[in-house]
Protein chains: 2
Amino acid sequence: MSRALTKLLATQSKAYVRDLDAIDLHTHVYLPRYMDILRARNDVPFVRPGIGGERLIILPAEQQQNSTMSHNAGISAGRPIGGEYWDVNNKIRYMDRHGIRTSVLSLANPWLDFLPLEEQILQAALLNNDMETLCRDSDGRFLAFGVIPQDSTMAVEEVQRVASDLPHVRGVILSTAGLNGKGLDDPEMLEFYRAIDRAGLTIFLHPHYGVGNEHYAEYGHALFLALGFTFETTVAVSKLVLSGLLDQVPDTLRLLLAHSGGTLPFLAGRLDSCVEHDAAIAQNLQHAPSVYLKRFYYDAVAYHEPALQCLIDFVGSDKIVFGTDHPFFPPAKDKDTETAGNEDLSELDWRSTLSNYETMVNMNKAVQSAILRENAKKLMGI
Amino acid sequence: MSRALTKLLATQSKAYVRDLDAIDLHTHVYLPRYMDILRARNDVPFVRPGIGGERLIILPAEQQQNSTMSHNAGISAGRPIGGEYWDVNNKIRYMDRHGIRTSVLSLANPWLDFLPLEEQILQAALLNNDMETLCRDSDGRFLAFGVIPQDSTMAVEEVQRVASDLPHVRGVILSTAGLNGKGLDDPEMLEFYRAIDRAGLTIFLHPHYGVGNEHYAEYGHALFLALGFTFETTVAVSKLVLSGLLDQVPDTLRLLLAHSGGTLPFLAGRLDSCVEHDAAIAQNLQHAPSVYLKRFYYDAVAYHEPALQCLIDFVGSDKIVFGTDHPFFPPAKDKDTETAGNEDLSELDWRSTLSNYETMVNMNKAVQSAILRENAKKLMGI
C-alpha cells in the first residue's frame, strides 16, 4: 500500500477503513487495440511521439493548440502518456498500491465518437470482446463498461450482445452526445434506455466535449476539466430530465453519473425551483427534477468533503460508488512534468486518488463501506 | 406573517426562529427612474404594455424570442411585471409577510450595462442618489447596493462618492462582465478592487449573461436560470481566482457571490485538484483556489438543504447571508400565469422565499442566527 495512503489511514482512529478493499467504478484504460487506432491518426484524437515518450491529444482545446503551434512546439501539445494508459499490469500495481480490489474498466474519452459509424460498429464489438477476455483472465481484479456505436439501432444490438455473451461487461460508457449526437434527450434514445434496463446493465455517463469552452482558453486545461466537464454532465442530464423521456422508461434504469454528477447535487434545489416557476416545462413532467436525479447513481469523484457530503445528503449513501479517474490527474513525475516520459507511475502515490479517500474519512463506517464497495457490488452484480 | 411561513415555523420545536427578523441581501428593485429608462426603449432590455399589464424583457434569450415572434405574439414575450418590481411599499408588505426586517436593495440585471458610457456615469449617480433617499426615509427597512458605470476610472470615482456621501449605500452590485466587459480577471479591475476595499464597501457579484446558453433554448428559461446563471458566476469567479489578481489585493476585500456562489462550493475541491495538476497555472498563485474562495461571502439562495450545508461545510456559517431574489420567481397568480397582470403579489405566499427558509430549519440556532441576520449586520455595518 502507498506510504501516503498508509499515513492517511493511520491518522484515523477508525480501524475499519484500513482494509480498503475498494471497488473503483471510474477508471479508464486505452486498450492496445484502441492505442493502435490513435497511433494511426493525424487528427484529434491521436497519439504521437514526443519528447521523452508518447503524447496523447484528445481534447477539443488541444486540437486548436496543436494546429496553431509550429511543428516543433506541437511535439509538446497534449499530455505525456505511458503504460498507465494501456498496460493492465501497470493498473494492477497502481490498484495494489492504492487499496483497490476491483476496477470496473472503461475506455476513456472520446471513445469511438470520432470514427465513421461502420467502423464504430466493428470496433465496439472488437473492443468489448477484448475487454471481456481481459476481465475473464484477471482473477477478479477487473470488470468493465463496454462501448457502443453512436446509432440507436446498432447500440441496442450491441447492448443485447454484451448482455448475452460478455458476462464481465456490466454496462456501457456513454457520451453526453448520446447515440445520434443530439443529446440524451433525443427521443430516439428511448429504445436504448429500455434495452439497458431490460438487460440489467448500467450506463456510465461521462463528459468529453465541455460546456462554456469559449471562456477557458487562457487558463490551460484547468477550467475546461474543472468546470467544462462538470457543466457538460449537468446540462446533458438536466435536459434528459426536463424532456420527460424518463417518464417513458422504467424507474429501475441504472444511470451512473461521472464526477459526482457534475454540479447536479448542488443545483438540484434551484433546478426544481426554476422548473416549478416555468409552467410550460413543469407540465411535461410527472415529478420535480430532483425526483429523477435521486434515482441515479453517482461516483464519489468529488475531491473534497463538502461536495461528497452534499451528494450523500441529496441522493443517499446507497447510490454512491468509489472512483479514481485513473490514469488522469497523475502525480507529477518530476519538477518538469513536460519532460519526464515513460516512468512507471504506478510506483508513485497518486494525490488525486488519495483526495477521494480523504473526502470520506470523517464518514461513519456504514457510509464508507457502502461507498467503497457494497453499493458497487449490488450495482455491478459482484 | 404569511400563513405558509407560520406553518413552516410551527412545525419546528425551535422557538427562536419564530421571530425571524431576517436581513435580505439578495433582493432587487427597479427604481422608478430605471423603469422610465426601460419604458422608453424598444430593444432589450425594455418594458412594454402587454395583456393584463406591463411585460419586462431583459434576458438575451428573450430578445430572440421577441424578435422572432409576430407582433401579437410578441405582446406575450418576457414576463408580466407589477408593483413588486418598483413599488417599495409593495416590497415592505412582502417583507412583513415573510419575516424580513431589512432589505439591502440592489438594482436588478442588466443594471446599466446596455447604456452608452456617458449615460451610465450620469444614471449611476442619479440612481445611487435615489437609492440613498429611499433608504434614508425607510425607517431602517432598506439599505442598498449601488450601481457603477462600466469604466474602471469612473467606477472608482463613483465608489469614492458613495463611500463619502451616501451612507445608506453599503456596496455596489457588479456584473460578471466586470468594468470593461473583459471579466473580473481583467488587470484593469485591480484599482476598483482596491478602492472597494479601502472604502470598506462590499461587491455583490451577480450573473446576467449566462454560460452554455446554446444548450437551453428548448427548455424555456428554466435551464438558463438554473444552470446558465450559476455557471456564469462560477466561471467569472474561477477566472478571477486563477488570474492571480487577488494576490495583489488585500485579503479583506469583501466579495459577496449571488446564488450561493453558483456551483463553486461544490466544485472547489475539483478546481483545486485541476489547478494542482496544471503547473503553469498553479505557479501563478500563492494559494490553492479554495483558499481564495473561502475569503468570499455567499448568499443562502440555495433552494435545498444539501446545497446550503455544502456551502456551510466549505466556507463556514459566518460567511453566509440570507437572501430571497425577490421579486423574481413570484408565486403563480392563478392557473394561467400569463394572463393575470397587476395583482398585488405581496399578498401571496412566495414559495421561492419559503424554500430558502426551509433549507435552514434543521440547522442549529447559532447557524440560523448567523445566516438570517448576524453576518449581514457585520458585513453591512448595521
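In this predicted model, the side chain of B:Ser138 has a polar atom 2.7 Å from the backbone oxygen of B:Cys135.

**Around B:Ser138**
- To find B:Ser138, look in the loop of chain B that runs between helix 6 (117–136) and strand 6 (142–146).
- The relative accessible area of B:Ser138 is 10%, and a residue counts as buried when that value is under 20%, so B:Ser138 is buried.

**Helix 8 of chain B**
- Helix 8 spans residues 190–199, and its buried residues are B:Leu190, B:Phe192, B:Tyr193, B:Ala195, B:Ile196 and B:Asp197.
- The cover over these buried residues includes helix 7 (152–165), strand 7 (169–175), strand 8 (202–206) and helix 9 of chain B.
- After helix 8 comes B:Gly200, which has a positive phi, near 70°.

**How the two chains are related**
- Chain B can be superposed on chain A by a rotation of 180° with 0.0 Å of shift along the axis, giving an RMSD of 0.0 Å.
- This is how a two-fold axis relates two copies.
- The copies meet through the same surface, because 100% of the interface residues of chain B are also interface residues in chain A.

**The extent of the interface**
- Contact between the chains involves 54 residues of chain B and 54 residues of chain A.
- About 4,700 Å² is buried between chain B and chain A, and carbon and sulfur atoms give 69% of that area.
- On the chain B side, B:Tyr219, B:Phe266 and B:Arg270 lose the most area to chain A, and together they make up 19% of what that side buries.

**Polar links and the elements behind them**
- There are 4 salt bridges between chain B and chain A.
- In a salt bridge between A:Arg351 and B:Glu276, the side chains meet at 2.8 Å, N to O.
- Helix 9 (222–243), helix 10 (264–276), helix 13 (305–315) and helix 14 (351–358) of chain B each bring at least two residues to the side that touches chain A.
- Helix 9 gives the most to that side of chain B, with 14 residues.
- Sorted by class, the side of chain B that touches chain A holds 28 nonpolar, 18 polar and 8 charged residues.

Terms used. Residues are numbered from 1 along each chain as its sequence is written. Chains are lettered from A and ligands numbered from 1 in the order in which they are written. This is a predicted model: local features need pLDDT of at least 70, side-chain atom pairs count only at pLDDT 80 or more; totals for chains, interfaces and linings use all residues. Side-chain values use heavy atoms; hydrogens and water are left out. Copies are superposed by least squares on the C-alpha atoms of residues with pLDDT of at least 70 in both. Contact means heavy atoms within 4.5 Å. Buried area is the accessible area (1.4 Å probe) that two parts lose on being put together, summed over both. Helices (H or I, at least four residues) and strands (E, at least two) are DSSP runs, numbered from the N terminus. Ala, Val, Leu, Ile, Met, Phe, Trp, Tyr, Cys and Pro count as nonpolar, Asp, Glu, Lys and Arg as charged, and the others, Gly among them, as polar. Buried means under 20% relative accessible area, exposed over 50%, partly exposed in between (1.4 Å probe, protein chains only). A polar contact is a pair of N or O atoms within 3.5 Å; within protein, one must be able to donate a hydrogen and the other to accept it, and residues adjacent in sequence count only if both atoms are side-chain atoms.
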